[in-house]
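My entries follow the order in which I checked things.

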Amino acid sequence: MGSFINVVALRYPATSGLPPCGLLHPRSRCRNCLTPLRLHHNIPIVSYAFLAGKCGYCRSVISIRYPVVEIATVLVCITNGLVFGPGWNLAASLVFSCTLIALSLIDLDHRILPDRIVLPLLWSGLLVNCATLFTDLQSAVIGAVSGYLVLWLIYQAHHHLAGKRGMGYGDFKLLAAIGAWLGWQMLPAVVLIASIGGLLAVGWSMIVRKHSPDMPVSFGPWLALAAWIMMIRGDGILNNHLWALNP
């Protein structure tokens, strides 16, 4: 799954433009010399270590992001398994988590959250909660609506006061999808955690990388991280630490 997520993040934005490129075809190839990779060059994590992080043909450096994403996906999936155990909740949580990872990478690379991924994530959240896998259907529907409206209102207020965009519409839709999966009760904590992460990212960018305060920062990855945290620990956080939405 980690290897496929890398493919989605790399190829998906190009599937709607030129050059034409699918998720399954053509075969993976070196981005430098364009030589198609053999099977033993494509084994997740193992091939990177065996090749010492370099192409087996031209010896150009392979991005460390590939094994990092693969290892992160393994850790996320193991954590989900430990939390939910075998069953439909685990299967649904893996779909949700892996989709969030792919969207985070696309947002980091291109600062977009494609509708063709975000909207199916939203609809699927409503469908899985028809069976109350994570919350009841009423909470999921309210979560989808309020998730969109919360960030839309923040966007409108910022645009009115500062005269510029503070975030993109993809962020609204992603929070709506998160609300559909987890329910409206989780949204305040998701927004709080994501906002703290976003502010830390802005501060790091200004202090370490000397970027301007106006330098755009992708908010999607922080929403995704906050959503995953609330999926696996949300009940404990709400009941014991933040606020009593569930008396």
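Predicted model: local features only at pLDDT ≥ 70, side-chain atom pairs only at ≥ 80, totals over all residues.

Entry 1. Leu-175, Ile-178 and Gly-179 in α7 meet Leu-187, Val-190 and Val-191 in α8. I sorted this contact by class and got five nonpolar residues, one polar residue and no charged ones.

Entry 2. I then looked up the axes. Helix α7 covers residues 169-182 and helix α8 covers residues 187-207. Their axes come within 10 Å and cross at roughly 140°. Roughly antiparallel would need an angle over 145 degrees, so I wrote down α7 and α8 as oblique to each other. I noted their crossing as right-handed.

Entry 3. I turned to the rings and found five aromatic pairs in the structure. In one of them, Phe-96 and Trp-181, the ring centres are 4.7 Å apart and the planes are at 20°, so I listed the pair as stacked. Phe-96 sits in helix α4 (residues 88-110) and Trp-181 in helix α7, so this pair ties together parts 85 residues apart in sequence. Both Phe-96 and Trp-181 are buried.

Entry 4. I checked another aromatic pair, Tyr-148 and Phe-172, which is edge-to-face, with 5.6 Å centre to centre and 85° between the planes. Tyr-148 belongs to helix α6 (residues 137-162) and Phe-172 to helix α7, 24 residues apart. Is Tyr-148 buried or partly exposed? Its relative accessibility is 27%, so Tyr-148 counts as partly exposed. Phe-172 has a relative accessible area of 0% and is buried.

Entry 5. Last, I traced a cluster in which ring pairs link Phe-84, Phe-96, Phe-134 and Trp-181.

Terms used: Residues numbered from 1 in each chain as written. Heavy atoms only, no water. Axes fitted to C-alpha atoms, helices over the stretch in contact; angles between N-to-C directions. Helix = DSSP H or I, 4+ residues; strand = E, 2+ residues; numbered from the N terminus. Parallel < 35°, antiparallel > 145°, perpendicular 65-115°, else oblique. Left-handed = near helix turned anticlockwise from the far one by under 90°. Contact = heavy atoms within 4.5 Å. Nonpolar A, V, L, I, M, F, W, Y, C, P; charged D, E, K, R; others polar. Phe/Tyr/Trp six-rings, centres within 6.5 Å; stacked < 30°, edge-to-face > 60°. Buried < 20%, exposed > 50% of the residue type's maximum accessible area, 1.4 Å probe, protein only.
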